[in-house]
Amino acid sequence: MVDFWRTREELRPALADIFRYIATVETTKHRIFQFLDKAILPDNMLIAIATDDAANLGILSSRIHVVWALRGGGWLGVGNDPRYSKSRCFDPFPFPDANNIQKQTIRVVAEELDAHRKGVLAEHRHLTLTGLYNVLEMLRAGIKPNDLDEDHRTIFDDGLVLIMKELHDRIDVAVAEAYGWSVDLTDDEILTRLVALNKERSEEERRGLVRWLRPDYQIPRFAKGVDKQAANEEGAQVAAELIAEVEQKPSFPTGAVEQTAAVFSAFAAASEPLDARGLAALFKRTKTTEKKVGEVLASLARLGYVTSEDGKRFSLRRVA
């Protein structure tokens, strides 16, 4: 979303008409989003997102967004913790085109999650968000509550972590439904679909449809030269501007999701870095194959999923 991270001087007007905003720590072991009162001005370690809509909190807290953010962001510090970057994690992220019922479903669960975490932290001073999510990750890894050591079992009990897990599971289901996807997609399937959706949003933007997350604030300030009728359409959010690149040797797929998956697969099977021409050679040649491959490749490079040492040939970026 354009201009939702600002300098401190620019943040104040963005918060003027709302009573809270979403925040996440820039570099942290667990990617956690929460509401902060607008009276709390963030320091340079916090990323502030100027929206008070719990639907957005839920979407950002979902597995779909966290998978995207972990792949797109960098890694930093002694613990090699993931870093949340505005330009790589948030700006290009395509929010779902959710209807009002879907948004309200997400809002209700996200509000419950935010209240639950704040409640247990206020009641038990020894608890921390990091500690709660350490135990949550243990549960997700298959560790049973009775197998936790004494310290983690205390956090599990006092933090009501099982309830927190249930709320996150409900958010994941609601957000997946808003996208029209199965909640059981693999990480690679999620990334493939998000990259393809980002490409679609970029093409929409070139036609004049800008999807704003907060139209009342953004349109008067940032909609110069944009079709404001289209920009006012419900659910609007700015899609990141991306150029795409593609390539393959069965026939190169026609759908954006399938094209991105094909390029991911080609890189995964490659024993050396490839450029657009080398990727295109893996598919049946047509007049447009290399151009389409190049478009997908450019999208992946822009989003940080592929890297290059010489600026010409690319390989998949390895996640730490």
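**Exercise 1. Find the ring under the charged end of Arg20, and give the distance.**

Solution. In this predicted model, local features need pLDDT of at least 70, side-chain atom pairs count only at pLDDT 80 or more, and totals for chains, interfaces and linings use all residues. Residues are numbered from 1 along each chain as its sequence is written, and side-chain values use heavy atoms, with hydrogens and water left out. A charge sits over a ring if NZ of Lys or CZ of Arg is within 6 Å of the ring centre and within 35 degrees of the ring normal. The ring is that of Phe35, and the charged end of Arg20 lies 3.6 Å from its centre.

**Exercise 2. Classify the aromatic pair Tyr179 and Trp181.**

Solution. Step 1: a pair of aromatic rings is described by the distance of the centres and the angle of the planes. Rings of Phe, Tyr and Trp (its six-membered ring) pair if their centres lie within 6.5 Å; planes under 30 degrees apart count as stacked, over 60 as edge-to-face and the rest as tilted. Step 2: the structure holds eight aromatic pairs. In the pair Tyr179 and Trp181 the centres are 4.4 Å apart and the planes stand at 20°, so this pair is stacked. Step 3: both Tyr179 and Trp181 are buried (under 20% relative accessible area, with exposed over 50% and partly exposed in between, for a 1.4 Å probe and protein chains only).

**Exercise 3. State how many helices and strands the protein has, and what share of its residues count as buried.**

Solution. Step 1: there are 14 helices and seven strands. Step 2: the protein has 320 residues, of which 49% count as buried.

Terms used: Helix = DSSP H or I, 4+ residues; strand = E, 2+ residues; numbered from the N terminus.
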